[in-house]
Amino acid sequence: MIFKIDFEKPMIVLIEIYILELTLREFGFPSQTLKIIMALTTSTSLSLKWNNESLDSFKPTGGLRQGDPLSPCFFVLCMEKLALMVQNKVKENQRQPVNISRNGPKISHPFFVDDCLLFTKAKSSQVRLVQQVLHDFCKASGLKVSIQKSRFMASRNISRIKTDKFTTFGFNHTVKVDKYLGFPLLVGS
């Protein structure tokens with residue numbers, strides 16, 4: 001099965017400051033560097049100009065700011081956190097990646113910016129695990145999965161009855177996942 005996960009809003013806007021700090025700590029950033037980064041991301045104040053007059057300044061809250069030159073770097077680190085959560089489930093033999101061809105390598109999760117694909121065996125236990133990892137990541141990061149935009153596709157070998165069962169987990173079913181990053185995802189299908 002393939003899950004194409006979409007998040008509700010641009011992730012850079014929503015990533016909570018505390019998950020950024022936690023992620024930087026977990027990746028081993030030196031404490032002095034961490035202090036500088038956190039000061040840069042939390043000390044900004046903004047002011048609006050109205051009729052050529054500056055209004056009182058205010059401090060933005062709720063996450064990283066779009067347009068901040070450091071935001072894309074922080075975003076990539078936070079998405080790496082999701083990738084590590086998925087990879088840990090694979091290492092613990094809880095999550096079962098799939099072979100991309102009969103004798104090919106196994107794949108579990110390619111990510112690029114906020115494009116997220118999760119590959120897994122077509123089993124209820126694996127679908128529940130995908131749900132749990134996404135729930136844990138969203139709870140920690142402040143992000144939300146857009147159920148309306150997210151989809152899953154099952155192999156042609158999976159019965160319609162089983163596919164219908166997977167929709168009870170809250171994901172919409174599709175029979176075709178066209179492209180990923182502009183490239184055809186499935187060839188010869």
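Helices (H or I, at least four residues) and strands (E, at least two) are taken here as DSSP runs, numbered from the N terminus. The views show a predicted model, in which local features need pLDDT of at least 70 and side-chain atom pairs count only at pLDDT 80 or more, whereas totals for chains, interfaces and linings use all residues. Residues are numbered from 1 along each chain as its sequence is written, and side-chain values use heavy atoms, with hydrogens and water left out.

**View 1. The loop between β2 and β3, with Asn 51.**
Asn 51 lies in the loop that runs between β2 and β3 (53-54). Its phi is near 50°, a positive value in a residue other than glycine. Most residues other than glycine have a negative phi. Asn 51 is exposed, with a relative accessible area of 66%, where buried means under 20% relative accessible area, exposed over 50%, and partly exposed in between (1.4 Å probe, protein chains only).

**View 2. The nonpolar surface patch that includes Trp 50.**
Leu 48, Trp 50, Leu 55 and Phe 58 make a nonpolar surface patch of about 440 Å². Patches are made of residues with over 30% relative accessible area and no salt bridge, like charges being joined within 9 Å and nonpolar side chains (Val, Leu, Ile, Met, Phe, Trp, Tyr) within 5 Å; the accessible areas come from the Shrake-Rupley method with a 1.4 Å probe, and for residues only the protein chains shown count as cover. Trp 50 belongs to strand β2 (residues 49-50) and is exposed, with a relative accessible area of 60%.

**View 3. The pairing of strands β1 and β7.**
Strand β1 (residues 2-5) pairs with β7 in the antiparallel sense over four bridges, two strands being counted as paired if DSSP finds at least two bridges between them. Within this pairing, Leu 118 in β7 is the bridge partner of Phe 3. Four of the five residues of strand β7 (residues 115-119) are buried, so this strand is largely enclosed by the rest of the structure.

**View 4. The largest nonpolar core and a separate core.**
The largest nonpolar core holds 24 residues, of which Met 1, Phe 3, Ile 5, Phe 7, Leu 82 and Leu 118 touch the most other members. A nonpolar core is a set of buried Ala, Val, Leu, Ile, Met, Phe, Trp, Tyr and Cys residues joined through side-chain atoms within 4.5 Å.

Helix α5 has 18 residues and reaches 26 Å from its first C-alpha to its last, close to the 26 Å expected at 1.5 Å a residue; the expected span of a helix is 1.5 Å times one less than its number of residues. Just after α5, Gly 142 takes a positive phi of about 90°.

Arg 25 forms a salt bridge with Glu 21, the closest N and O atoms being 2.8 Å apart, where a salt bridge is a side-chain nitrogen of Lys or Arg within 4 Å of a carboxyl oxygen of Asp or Glu. Being four residues apart in helix α2 (residues 17-26), Arg 25 and Glu 21 are separated by about one helical turn. Glu 21 counts as partly exposed, at 26% relative accessibility. A further salt bridge joins the side chains of Glu 26 and Lys 81 (2.5 Å, N to O). Glu 26 lies in helix α2 and Lys 81 in helix α4, so this pair ties together parts that are 55 residues apart in sequence. Glu 26 is partly exposed, with a relative accessible area of 47%, whereas Lys 81 counts as buried, at 17% relative accessibility.

**View 5. The salt bridge between Lys 4 and Asp 6.**
By the rule above, the count comes to three salt bridges, and one of them is formed where the side chains of Lys 4 and Asp 6 meet (3.7 Å, N to O). Lys 4 is partly exposed, with a relative accessible area of 21%, while Asp 6 is buried, with a relative accessible area of 18%.
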